[in-house]
Amino acid sequence: MGLIWWLSSQSDTPGPPLPHPRDWAAHFTAYLALSFCLGRATGRRGLALVIAAWFGALDEVHQAFVPGREAGPADWVFDVAGAWVGAWLAVRGRSGTRPAPVPVLSDPPR
């Protein structure tokens with residue numbers, strides 16, 4: 001999240017400029033990686049997706065105030081799409097929720 005925030009704070013990002021649709025591929029990839037990490041850390045697909053989507057929205061608002069940067073709903077859509085794929089990959093094969101706790105048996109009946 002820090003790297004994404006730092007990159008979006010720059011008026012001129014490193015490397016060649018990315019015209020549409022290449023910049024959308026960068027958004028998709030960055031949020032796929034973020035959501036994958038969040039999904040692996042939490043074990044919860046929905047939570048990873050929500051955190052990444054909210055962060056993407058916050059970052060788009062942030063970019064609107066950075067000189068030389070553009071922000072828009074299309075960028076956020078690609079953020080969320082990448083986040084969805086990342087969360088799915090991180091928690092695939094699981095229900096997307098934490099497993100139920102194992103019940104502890106009380107004293108055996110006498």
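Modeller: Ground rules: the model is predicted, local features need pLDDT of at least 70, side-chain atom pairs count only at pLDDT 80 or more, and totals for chains, interfaces and linings use all residues. Residues are numbered from 1 along each chain as its sequence is written, and side-chain values use heavy atoms, with hydrogens and water left out.

Colleague: Okay, why is Phe55 called buried or exposed?

Modeller: Buried means under 20% relative accessible area, exposed over 50%, and partly exposed in between (1.4 Å probe, protein chains only). Phe55 has 10% relative accessibility, so it counts as buried.

Colleague: And what does Phe55 touch?

Modeller: Contact means heavy atoms within 4.5 Å. Leaving aside neighbours within four places in sequence, Phe55 is in contact with Met1, Ile4, Trp5, Tyr31 and Leu34. Phe55 sits in helix H3, where Ala52, Gly56 and Asp59 are among the other buried residues. The cover over the buried residues of H3 includes helices H1, H2 and H4.

Colleague: How do you know that the length of H3 makes sense?

Modeller: Helices are DSSP runs (H or I, at least four residues), numbered from the N terminus. The expected span is 1.5 Å times one less than the number of residues. H3 has 20 residues, so it should span 28 Å; the end C-alpha atoms are 29 Å apart, which agrees.

Colleague: What makes Val77 partly exposed?

Modeller: Val77 has 48% relative accessibility, so it lands in the partly exposed class. Val77 belongs to helix H4.

Colleague: Now Asp75: how do you know that it has no salt bridge?

Modeller: A salt bridge is a side-chain nitrogen of Lys or Arg within 4 Å of a carboxyl oxygen of Asp or Glu. Lys and Arg count as positive, Asp and Glu as negative, while His and the chain ends are not counted. For Asp75, the nearest side chain of opposite charge is Arg69, 7.1 Å away, and Asp75 is buried without a salt bridge. Asp75 lies in H4, residues 73–91.

Colleague: Which residues does Asp75 touch, then?

Modeller: Not counting residues up to four places away in sequence, Asp75 touches His20, Asp23, Trp24, His27, Glu60 and Glu70.

Colleague: What about Asp23, which salt bridge does it lack a partner for, and how far is Arg69?

Modeller: Asp23 is buried too, with no salt bridge, and Arg69 is its nearest side chain of opposite charge at 7.7 Å. Asp23 is part of H2, residues 22–42, and touches Leu18 as well as Asp75.

How values were computed:
Helix = DSSP H or I, 4+ residues; strand = E, 2+ residues; numbered from the N terminus.
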